Amino acid sequence: MDTRIQYPEARRDESVVDDYHGVKISDPYRWLEDPDSPETKAFVDAQNAITKPYLTACKARDNIHDRLKQLWDFPKYSCEKYSEILEKVKFSSITWTHDNRGIFYGQYRDQQGKTDGSETLGNENQKLCYHVVGTSQSDDVVAVEFPEEPLWRIKAVFRTNKNAPNYKLVAIDLLDYEQHKWVDLLPEHPENVLDWAEAVDGDKFVACYIQDVKNILQLHCLNTGKVLRTFPLDLGTVVGFSGEKKFSEIFYQFTSFLTPGIIYTIDLKKEEEPRILREIKVKDFDASLYKTSQIFYKSKDSTKVPMFIVTRNDATLDGTMPGLLYGYGGFNASIQPTFSVTRLVFIQHFNGVLAVANVRGGGEYGERWHNAGRFFNRQNAFDDFQYAAKYLVENGYTTSAKLTIQGGSNGGLAVGVCVNQRPDLFGAAIAQVGVMDMLRFHKFTIGSAWVSDYGNPDDPKHFENLLKYSPLHNVRIPPDDIQYPAMLLLTADHDDRVVPLHTLKLTATLQYTLGNISKQKNPLFAKIDTKAGHGSGKPTMKMIEESTDILSFIAQSLGLEFKL
């Protein structure tokens, strides 16, 4: 009896062939780039129709969902929310004016066509606008724009990596701003990376550093830069800070893999040590039963790469634990310890081991670490990810058959590459909103900005490099009896950052290339969420549903048992 999964048949248009610098590249699923076509919508429906029954068949699904819902129900503290809606805003933070009457924000106000999140046109001409709270957005004033540089995104910072790979603070006279007149306020640290700084208490500032992927919080003299004190922190991350130059009281929020949040406060004029203002507790979860460690493993070229590992205190390294390996490795982003309900459920109820590898391409060690994983060094990030998996297997944490690799966005790209290059290393793979077509990524929405890390396919040398690892263009039938791991590709039809075509085209390619060979028993699925975006701002219930899908897929694919 043939028990292979019957995948939907997607039309292949063999007439679509592009010429890249003399190299012919076929793109038979180009039609999937149009998210609004009836054919694309039918493809999405067909994929969800085969994926959802597999996920709902997981016997532990109800237990997973209920436990996630229970754990997610802990206090969250945030600022006052306003009912106003600002449109055509993306890739922008906000900055309040000193009088708290209004905000500065970045807007693509000239964006044509759809702006509901399902658009694919490139984003150009971002403008810095000023909005007064309580007024119409149509009255907002354009403060800064660069019409001659349509792809620039507006930022104003005095933290710089100019001749300082680990970053420094510089004082610049805006009326006399020639570079040779810049004054180093806080010189570059030889090892630690300056993450951010805030002026407080008149003549002081707080600086937050990254030291071996963990935060250090220090108070400095504003005039000399001298360190006045270091605040005590456990192994984790400062995720929130509030303080102003005119006040002596500061607040900061700490989190870790096992701590959802502790808010500390100190009056710098009156108190010697910070005190806990609020500590967030999670129902029926005892953090003391678990431990976090940090190890440094050797990658392919012998570079030492840091990795956090979270297990139960009584974990036995005999290869019996299922593993969940997460990585990102791009755009100078540092992946530091943060609290995740989904990961806790995996560790607590599947007796799992969580590993977070700080692969090259990120910002954990400043620009040198970033540059070691970008452009023509991109393969380093993928090697680091694969050697993290090898470390976990060789040291008895798990086995390849029980190891799931996971990543989102740029991390989803890493998952796609690693599965193509070493399908034997993993039992399952979760790629969330991944960048999968490395020859056309720069043609859609904000993709043009990514050439700073990936390189530009329009350049012959970068094209040659990108083609070597582009997930869409490197799906092959593995040798011998090796099959691809169970794969779940997740995207959303309104993702305007990594547009869904990346996931859709790779799904069709995987199923066409591997779906009909007898040795490919593991599922190759996609789940496309409707009326959702890249991830940020999702309602809690949507996040719980997605996490339920992910854990159900892992449990179903690897045969794991949910332990109460």
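Lys and Arg count as positive and Asp and Glu as negative, while His and the chain ends are not counted. The place of a charge is taken as NZ of Lys, CZ of Arg, CG of Asp or CD of Glu. On this basis the chain has 64 positive and 73 negative side chains. The centres of the two sets lie 3 Å apart. The model is predicted, so local features need pLDDT of at least 70 and side-chain atom pairs count only at pLDDT 80 or more, whereas totals for chains, interfaces and linings use all residues. Residues are numbered from 1 along each chain as its sequence is written, and side-chain values use heavy atoms, with hydrogens and water left out.

The overall fold was examined next. The chain contains 10 helices and 25 strands; these are DSSP runs (helices H or I, at least four residues; strands E, at least two), numbered from the N terminus. A compact globule of 564 residues would have a radius of gyration near 24 Å, and the chain agrees, with 24 Å. This radius is taken over C-alpha atoms, and the globule rule is 2.2 Å times the number of residues to the power 0.38. Along the principal axes, the C-alpha atoms fill a box of roughly 75 × 60 × 50 Å. Of the 564 residues, 52% count as buried (under 20% relative accessible area; exposed is over 50%, partly exposed in between; 1.4 Å probe, protein chains only). Among contacts (heavy atoms within 4.5 Å) with a separation of 6 or more, 63% come from residues 24 or more positions apart.

Aromatic rings were then considered. The structure holds 21 aromatic pairs. Rings of Phe, Tyr and Trp (its six-membered ring) pair if their centres lie within 6.5 Å; planes under 30 degrees apart count as stacked, over 60 as edge-to-face and the rest as tilted. The rings of Tyr 20 and Phe 463 are stacked, because their centres are 5.2 Å apart and their planes are at 5 degrees. Tyr 20 belongs to strand S1 (residues 17-20) and Phe 463 to helix H8 (residues 460-469), so the pair ties together parts 443 residues apart in sequence. Both Tyr 20 and Phe 463 are buried. Elsewhere, Tyr 7, Tyr 54, Phe 525 and Phe 553 form one aromatic cluster.

Helix H3 (residues 341-349) is largely enclosed by the rest of the structure, because 9 of its 9 residues are buried. Among them are Arg 343, Phe 346 and His 349. The buried residues of H3 pack against several elements, including helix H2 (61-72), strand S18 (290-298) and helix H10 (540-558). Just after H3, Asn 351 takes a positive phi of about 50 degrees.

Phe 331 lies between S20 and H3. Its phi is near 55 degrees, a positive value in a residue other than glycine. Phe 331 is partly exposed, with a relative accessible area of 27%. Lys 88, in the loop between H2 and strand S3 (94-96), has a phi near 60 degrees. Lys 88 is partly exposed, at 31%.

Two further asparagines sit in loops. Asn 192 lies between strand S9 (183-186) and strand S10 (193-200). Asn 192 is buried, with a relative accessible area of 7%. Asn 516 lies between helix H9 (501-514) and strand S25 (524-529). Asn 516 is exposed, at 61%. Asn 516 and Ile 5 are 511 residues apart in sequence, yet 8.5 Å apart in space, C-alpha to C-alpha.
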